[in-house]
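I opened the model today to look up how its chains meet, and I kept these entries as I went along.

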Amino acid sequence: MMRRIVMRRIGMRDVAMTSPAALTRSRAWRGPVLMAGVIALAALVPVLIDKQDTLNLLFLICLHITLGQSWNILAGFAGQTSLGHAAFFGIGALVTRTLWLNGMFFPVAFLLSGLAAVAFAMLIGVPTFRLRGAYFAIGTLGIAEVLRITVSQNLPLISTMPAAEIAAYNLTLRYYVALALALTTIGAAALLLRSSWSLGILAVREDEEAAQATGVNVLGHKLLALFISSFFAGLAGGLFAFQQISYYPSAAFSPVWTFDALLITFIGGLGTIGGPVLGAIFFILVRQRLAVTLVEVHQIVFGILFILIVLVFPGGLMGAWDRLRPRAIAEALRSRRQLHKS
Amino acid sequence: MAQNIVYGLFVGGIYGIAAVGLALAFGVMNVLNIAHGELLMFGGYISFWLFSLLGIDPFVSLIICIPALFLIGLLLDRLVYRHVARLRGEAKIKNSLLISFGLVLILQNVAIRLFTADERTTQVSYIGQGINLFGIALPYTRLMGLVIALVTILALHLFLQRTDSGKAIRATAEDWEAAELSGINVPRVYMLTFALGAALAGIAGTLVSVTSSVAPSIGLDWTLKALIVVVLAGTGSIIGAFPAGLLLGLVEALSSIFISASYREVVGLVIFLLVLLIRPQGLFGSREAA
């Protein structure tokens, strides 16, 4: 029991569930095969389905997986609840849009969006990490707002793609970029959890003083989490700039991007790899479904759900799944034992 | 120049009232209510509708607006904040922040549904009129706003200092465990505190609807203003948030003269960040209090 709790805490859910050896051998292949199947299916969607709105929906899911997962790396793994995530997203969008529309090769402009966000993150990281908990949250919110107001004052005009670009607009290409980015972000988060760095990062989340006392470089590990988090948030912004035909430059700095990342991660399950993925799918599907009929209702639903998750089910969707699964496995074992006896 | 400063003080009075409400919940309960701006917005709408449907003067409608927001505050405390009351320090602040973020989504979208996204202003008949003092225009609406803000703060100060409930609130703010041991009903104090904070947001909202405008989206801006002021004053100082509000109004007015009107908000935020980083105990707070 203890082992399971510890394992679940550090996010290695699969390891935690495999204690009965027979079960391991019979089911170990399922996870990777299932994952490969989902990825193959996602990659084949543009070939199989020729509907722009389905593709657009899947694009949005991938974008929000990246957004949520990048926030999760900082807030879920390192425990630093940032409310300034929109700043990284906005910087990424601004950099990619400006460079790309001025003729730079897109992949380079795209990569630079992540690097620019990292540069800004490192600049603000050292001072803001002196703040704890809620103070860090409101401090980062303040920084993001300063940036948003400054951008909207200096770039008040809407940014529109040139006509030639619109004529050649290819949603399938954008979908593949989004899919690749979402998979890379999930992979990076999973690798981070398996690396030895995760020990320090998770220690900072669980108890900063204790981590410091045992010789963990607290600031270094926070900065590492921020580095990865802001890199992918910047890339998500770059993707947004690549996809939108026209938008106000300040729209990418809107606090809504932070709030969506927060909702997605909490609904799915804070601090887990699968959480932001499940959360993003749920978020986009529910939003799409409810927005057709009632414009604001989905926000009210998310608000209530969010409060319930914080108060009653801190694990989100992943937590609910975890609570159900051990019971199912125990039942399967019991029925097998009874088979052996008879 | 002098005109700008006077207007800065008028606006600062509203900042002060809004911030004192936030500081009350934060200082006493350790609850950081990001939805404070949304409560303010509801207060603004109540006085707007009372004026445009029933023709009640916004300053008179305060006698309805204050109890209404007080009730909303009681309800929110019972429904939501009571569940984080027993958490410890840091975890409590963080969870209350997250919960109130959920409340922001709910309240803001309920407001859009009820009142549409349009901007509304309470257009009283005497809106343009005022006193002219040495060439400085003092509109009645803004003068009344500042008077109401001052009266409110004085009343709150007397309530906290002189009455038993006020003393219970201050005792709980200092040490809720000791307060509970000496027979204070802490959950009741929390409820009263949060409701008072909401009522103060209602007053600020009424003043906002008269002197500028209300819309469902104004919440975040006002929460940020109140947060800036609370951090300036130093968390834990409740009444001290009022002079800090006046100061922010003044600084904004000066920065729109010397820098640019469009960067007024940025200046406030930058000061907020600097204070947060360099002097976390606030301008008026002592080092022990932090």
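How are helix 8 of chain A and helix 4 of chain B oriented to each other? Before reading anything off, I noted that this is a predicted model.

Entry on the helix pair. I looked up helix 8 of chain A, residues 133-154, against helix 4 of chain B, residues 89-115, and found that their axes come within 7 Å and cross at roughly 40°. Angles under 35 degrees would count as roughly parallel and those from 65 to 115 as roughly perpendicular, so I recorded helix 8 of chain A and helix 4 of chain B as oblique to each other. By class, the residues of this contact are 4 nonpolar, 1 polar and 2 charged. From helix 8 of chain A I listed G133(A), A134(A) and A137(A), which meet E90(B), I93(B), K94(B) and L97(B) in helix 4 of chain B.

Entry on the whole contact. I then looked up the contact between the chains, to which chain A gives 30 residues and chain B gives 32. On the side of chain B that touches chain A, at least two residues come from each of helix 4, helix 9 (219-233) and helix 11 (264-278), and helix 4 of chain B gives the most, with 16 residues. I sorted that side of chain B by class as 23 nonpolar, 5 polar and 4 charged residues.

Entry on confidence. Over residues 1-19 of chain A, however, pLDDT stays under 50, although the model has 19 contacts beyond four places in sequence for them. Where pLDDT is low, the predicted coordinates should not be read in detail.

How values were computed:
Residues are numbered from 1 along each chain as its sequence is written. Chains are lettered from A and ligands numbered from 1 in the order in which they are written. This is a predicted model: local features need pLDDT of at least 70, side-chain atom pairs count only at pLDDT 80 or more; totals for chains, interfaces and linings use all residues. Axes are lines fitted to C-alpha atoms, for helices over the stretch in contact, and angles run from 0 to 180 degrees between N-to-C directions. Helices (H or I, at least four residues) and strands (E, at least two) are DSSP runs, numbered from the N terminus. Angles under 35 degrees count as roughly parallel, over 145 as roughly antiparallel, 65 to 115 as roughly perpendicular and the rest as oblique. Two residues are in contact if their C-beta atoms, placed from the backbone, lie within 7 Å. Ala, Val, Leu, Ile, Met, Phe, Trp, Tyr, Cys and Pro count as nonpolar, Asp, Glu, Lys and Arg as charged, and the others, Gly among them, as polar. pLDDT is the predictor's confidence in each residue, from 0 to 100.
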